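I opened the model today to look up two things.

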Amino acid sequence: MNRITEKRQLSDNVFTMKIEAPLIARERRAGQFIILMVDQETGERIPLTIADADPDEGTIRIIFQTVGATTMKLSHLEVGDSLAAVLGPLGRPTDIRGENGEKPGHVVCVGGGIGVAPMHPIAQALKAAGNRVTIIMGARNKSLFVMEDEMRKIAGDDLILMTDDGSSGRKGLVTEPLKELCEAGGVDEVITIGPPIMMKFCALATKPYGVKTVASLNTIMIDGTGMCGGCRVSVGGKTKFVCVDGPEFDAHQVDWDLMMKRMGAFKPQETVARDHACNLFKGIQTR
Amino acid sequence: MTTKERMAIEPQAMPEQDPKVRARNMNEVALGYTPEMAMREASRCMQCPTKPCMQGCPVAIDIPGFLAKAAAGDFEGALAVIRKTSLLPAVCGRVCPQEKQCQKFCTMGKLLKDVDKAVAIGRVERFVADLAREKGASREAEASKASGAPRHRVAIIGSGPASITCAADCARAGHDVTVFEAFHKAGGVLVYGIPEFRLPKAIVQSEIDALKSLGVKFEMNYVVGRTRKIGDFIEKDGFDAVFIGTGAGLPKFMDIEGENLVGVFSANEYLTRANLMKAYDEGGHDTPFWHGKRVAVLGGGNVAMDASRMALRLGAEKVYLIYRRSEAEMPARREEILHAKEEGVEFLVLQNAKRVLGDDQGRVSALECLKYELGEPDASGRRSPVAIPGSEFTLDVDTVVVAVGNTSNPLIPATTAGLEVNRRGNITVDPETNMTSIPGVFAGGDIVLGAATVILAMGEGRRAAAGINAYIAKKGA
C-alpha cells in the first residue's frame, strides 16, 4: 500500500514523489489534500497538498519541503518504500469559475514557493473551464521554483516569475504584478497559495480593488475529518475548520495574524523533533 | 444465604493505584478484583425475581444470571451469560455509568440506602472479561454459518463501539464484512478519546483481533464520503448493506472571545494527541504535545474528567475543572469525578468561562470567568445555570481545554444524496431496524443519538445488525 514509485529532489530541501494511492488518484479534485504518516506506530499525521494525479496509473504526486521531523523522514524514503498511511482526498474541492454557472473570466493564480504545487491542478481546471489564467510564481531565487514548465503550459505568456534576488524573471514580490493586474482591470478572481505571510499581503493588495480573492490554507491538523478542531481559523469573525470547511476561504476575511500564531503553536517541540530526526540521519546519537 | 446475611457482606472496594502516584503515570487507575473479591461481591446479589437491574441496562444483560455464576466461581459461565447480549464487557465494565444504569435500580443499594453500596455489577463484569482475556481464552471462532452459500457483503463505516458490535453480529450471521476507518488505528473513541489510564488500549486491540478472527476485514485510512461515497459502495462495489457508525466527531466550542488563541484546544484534539498519537512520549513519537502548567478544562462530562486528569499526567501543576452547574448535575461517571478529585483536579462549579485572554504572542495568558447560580429547571429537567452579573474573576492559566461535547460530523450526510438528518444533524433511522432513509443503509451510535455512551452505541450497533441481517435475508429470498 502507498508505495513510492518515483522520487526526485527539486532543490536543497524540496522533493517530489509519486505515491500509489489509486482511490485518491481517482476521486481527487483540484484544491483537495491528503494527510500522511511515515511511521505507523510513532509517526505524526501531516497534511500535504496534491500536486497532480494519474488515475490510470493510480498515483498521486506530492511536492514537499523538509520543514519538520516528518517531512525530513519522508525525504529519506526511496522508490519502493511505502508510507504507513495516506488519507484523502480531504477538504472541499476548489469552486472552479466557469464550472457552476458563472461565466469564465480572467483568474490570477499566485503561488509562492511550493504553494505552486497545489496551484497546478487548480490552474489546470480553471483553464479547462475556459478561463484566462494568469500565473504569478514567486520564490527566493531561481532554484526554488517548482513546476515551472507545467505552469507555463497552462498560462503561456501569462506566466509571471518573481524572485527576491532577480535570478529569474522580475526582482520583487508577487504582490507587485498582482497590484498592476488589478489596477489594469479585468481581473475576476485571484487565488493565492503559499506562505501565510504572502497570502496575507496578496489579500491586502487586492482588497482596494474589490477583486474576489481566495486563499488555500494549510494549518496544523490531526485527523483531517473535522474531529479535532486543531486546524481552526477565524474567517469573518466565525470559527472555521480548514479540513472540512476549507481549505479555501475568502482571503479578505481570514484573520491572518491569528492563523500564523496558531501555526507556530508547537514551534519549540517541532524544532527539537526535526533536529533529532536530522541528527538521526546523520548518524549522530543524541539521546 | 438470607437477605440479612447478604446485606452483611462488605461491599468490595476496587483496588486502585495511589492517587499521588497514578496522577503522574498513564497506567490504569483501577487494578481490578481478585477472584475472591469478585465472588464475594457477586454473592451480595439478592437474585431478585423481578431483576430490576436489567431495566437499567441498555442492552438488558441478564445481570442476576451472570452474578449467580460468578458468585459460585464459574467465571466462564458468567461471561457466557453477559456475551449473550453484550459484546464488549471488558470495555463496558470500565466505562458504563453504572450508578445511572443497572446499579441505580439494585435492591441491595436501595436497602442500604446508598447507590454506591449497590452490587458493583460493572466491576464483576470487568473481572470475568479480563480473566478470560488474560487466560487467552479463544473467543468462539465460529465459522461462517452460511459457508458455501453466496455471501453477502456489508460495509461498516467507523470502528468505534457501535461499529465493532454491528460488524461482529453481521459476521456471525455469515456475511462478508469490511470495516472502513479514517484513522490509522481501529477502535474509534475507544482509542483516540478514552485514555489509557481508564481503558487500556490492549483491551480494545483484543476486541479488534476478535473481529479479525471472525473474518472481518479492515480498510484503514479510508474516509467515507471522500475516498469513496456510500452510493458507490452500493451501486458500484457490490455491498448489500452499509452501516454508518461514525460517531459524534465534531467538537463544540463555547463561542467566546479568545477561543482560537494558541493554547486553546478541543478535548478531542488534546486527548487524541495524548492517546492515539502518544505525543507524551517525546523520545519516540513525532506528534508534539502542549505542556500546559496551569490548565483550565471546561465541562462536566467524562471527557472533561479525562482531559483534566491527562493534563496532570502530562506535568500540569494546577488543573481547574470549570462547570457551570453544580456537581450533582455533572454528566460524568461518579467514579471519574471521585478519581479526578483524588488526583488533585480543582473543581470550580457554578462558574463558567466568559473569555480567554492572550498575550502579544497570541498565547493564552488567563481565563475570565463568571459565577453562576441555579435557576428554574430547563428542557433537560436540570436546573438551568444563570450568570450572576458583575461576578467576573480571572484565573491565571496557560491552557484551556474545551470539553463541552460534540455534534454530529456532517461529512457523510453532506456527501450522501437522500440521507435524512434531523435539525441537529443526526441521521434519522427507523427505531426498530436502524435503517436510514436510504434502503440498505443503516446507522447507529452517536451519529444517530448525539453524544451518548459506549453501551448505548453498542446497543444501537446490535439492533442495526439485526436490521441488516433481516434486510439481507429478505433481499436474498
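How much area do chain B and chain A bury between them? I am working from a predicted model. Chain B and chain A bury about 3800 Å² between them, and 55% of that is on carbon and sulfur atoms. Arg226(B), Asn260(B) and Asp286(B) supply 21% of the area that chain B buries against chain A, more than any other three residues.

Next, the contacts. I find 48 residues of chain A in contact with 44 residues of chain B. The interface holds 3 salt bridges. One of them pairs Glu27(A) with Arg228(B), with the closest N and O atoms 3.4 Å apart.

Then the elements on the chain B side. Strand E5 (250-251), strand E6 (264-266) and helix H14 (267-274) of chain B each supply at least two residues to the side that touches chain A. H14(B) gives the most, with 4 residues. By type, the chain B side divides into 16 nonpolar, 16 polar and 12 charged residues.

Last, the cysteines. I count 0 disulfides over all chains. Cys231(A) is buried, at a relative accessible area of 1%. Cys102(B) is in no disulfide either; its nearest cysteine sulfur, in Cys57(B), is 6.5 Å away. Cys102(B) is buried too, at 8% relative accessible area.

How values were computed:
Residues are numbered from 1 along each chain as its sequence is written. Chains are lettered from A and ligands numbered from 1 in the order in which they are written. This is a predicted model: local features need pLDDT of at least 70, side-chain atom pairs count only at pLDDT 80 or more; totals for chains, interfaces and linings use all residues. Side-chain values use heavy atoms; hydrogens and water are left out. A disulfide is a pair of cysteine sulfur atoms within 2.5 Å. Buried means under 20% relative accessible area, exposed over 50%, partly exposed in between (1.4 Å probe, protein chains only). Contact means heavy atoms within 4.5 Å. Buried area is the accessible area (1.4 Å probe) that two parts lose on being put together, summed over both. A salt bridge is a side-chain nitrogen of Lys or Arg within 4 Å of a carboxyl oxygen of Asp or Glu. Ala, Val, Leu, Ile, Met, Phe, Trp, Tyr, Cys and Pro count as nonpolar, Asp, Glu, Lys and Arg as charged, and the others, Gly among them, as polar.
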